[in-house]
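Colleague: Thanks for making time for this. Could you walk me through the model, one question at a time?

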Amino acid sequence: MKVVFFGSSKVVLPIIKTLTDNFDLQLVITTEKEETDAVPTYCREHAIPYLSIQTFTNEIIKHLASLQSPVAVLADFGLILPLNIL
């Protein structure tokens, strides 16, 4: 099953690992800004596609729609998801 994950901080790394091991993790979206932060580092090390965002742009929303993921998981994200993503 395709899954998108929204999350930030080192506490979500076990969730990303579990999603990668058990599902088709399409994309991780994080609010972490620095390349050396926990989520971007983990994603690069494990070849997981990710985006670092501070807001939801139309481009990001279109990209999410193109993934056709029926499930999204959110933990410690820091942004409110817009209604059109929910």
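The questions and answers below go through the helices, the cores, the aromatic rings, the pocket and a few backbone angles.

Modeller: Gladly, and please keep in mind that this is a predicted model.

Colleague: Let's start with helix 1: which of its residues are buried?
Modeller: Seen down the axis of helix 1, the buried residues fall within an arc of 125°, so they line one face. The face turned away from them carries the exposed residues Pro14 and Asn22. What covers the buried side includes strand 1, strand 2, helix 2 and strand 4. The buried residues themselves are Leu13, Ile16 and Leu19.

Colleague: Which residues of helix 3 are exposed on the side away from the buried ones?
Modeller: Begin with the buried set in helix 3, which is Ile60, Ile61, Leu64 and Leu67. These cover an arc of only 115° around the axis, which puts them on the same side of the helix. Strand 1 and strand 2 are included in what covers them. On the other side, the exposed residues are Asn58, Glu59, Lys62, Ala65 and Ser66.

Colleague: How many residues are in the second, separate core?
Modeller: Val28 belongs to the largest core, and leaving aside neighbours within four places in sequence, its contacts are Phe5, Ile16, Val39, Cys43, Ile48, Pro49, Tyr50 and Leu51. The second core is separate and includes Val4, Leu27, Ile29 and Leu81. Its number of residues is 12.

Colleague: What is the geometry of the aromatic pair Phe6 and Phe77?
Modeller: A search of the whole structure finds 3 aromatic pairs, and Phe6, Phe56 and Phe77 form one cluster. Both Phe6 and Phe77 are buried. Their centres are 5.4 Å apart with 75° between the planes, and planes over 60 degrees apart count as edge-to-face. The geometry of this pair is therefore edge-to-face.

Colleague: How many residues apart in sequence are the parts that this pair ties together?
Modeller: Phe6 lies in strand 1, whereas Phe77 lies in the segment after strand 4. The pair therefore ties together parts whose separation in sequence, in residues, is 71.

Colleague: Which element gives the largest share of the lining of the largest pocket?
Modeller: The pocket holds about 200 Å³ of space. Its lining includes Val4, Phe6, Ile61, Leu64, Ala65, Gln68 and Ala72. Strand 1, helix 3 and strand 4 each supply at least two residues. The largest share, 3 residues, comes from helix 3.

Colleague: Is Ala72 buried or exposed?
Modeller: Ala72 lies in strand 4 and touches Val4 and Phe6, not counting residues up to four places away in sequence. Its C-alpha atom is separated by 5.6 Å from that of Phe5, 67 residues apart along the chain. At 52% relative accessibility, with over 50% as the cut-off, Ala72 counts as exposed.

Colleague: What phi does Ser9 have?
Modeller: Most residues other than glycine have a negative phi. Ser9 lies in the loop between strand 1 and helix 1. Although Ser9 is not a glycine, its phi is positive, about 85°.

Conventions: Residues are numbered from 1 along each chain as its sequence is written. This is a predicted model: local features need pLDDT of at least 70, side-chain atom pairs count only at pLDDT 80 or more; totals for chains, interfaces and linings use all residues. Side-chain values use heavy atoms; hydrogens and water are left out. Buried means under 20% relative accessible area, exposed over 50%, partly exposed in between (1.4 Å probe, protein chains only). Helices (H or I, at least four residues) and strands (E, at least two) are DSSP runs, numbered from the N terminus. The arc is that of the directions from the helix axis to the C-beta atoms. Contact means heavy atoms within 4.5 Å. A nonpolar core is a set of buried Ala, Val, Leu, Ile, Met, Phe, Trp, Tyr and Cys residues joined through side-chain atoms within 4.5 Å. Rings of Phe, Tyr and Trp (its six-membered ring) pair if their centres lie within 6.5 Å; planes under 30 degrees apart count as stacked, over 60 as edge-to-face and the rest as tilted. On a 1 Å grid over the protein atoms alone, a cavity is a set of points where a 1.4 Å probe fits but cannot get out, and a pocket is an open set with protein on both sides within 12 Å along at least five of seven lines; lining residues have an atom within 4 Å of a point. Grid points are joined across faces, edges and corners, and a volume is the space filled by probe spheres set on the points.
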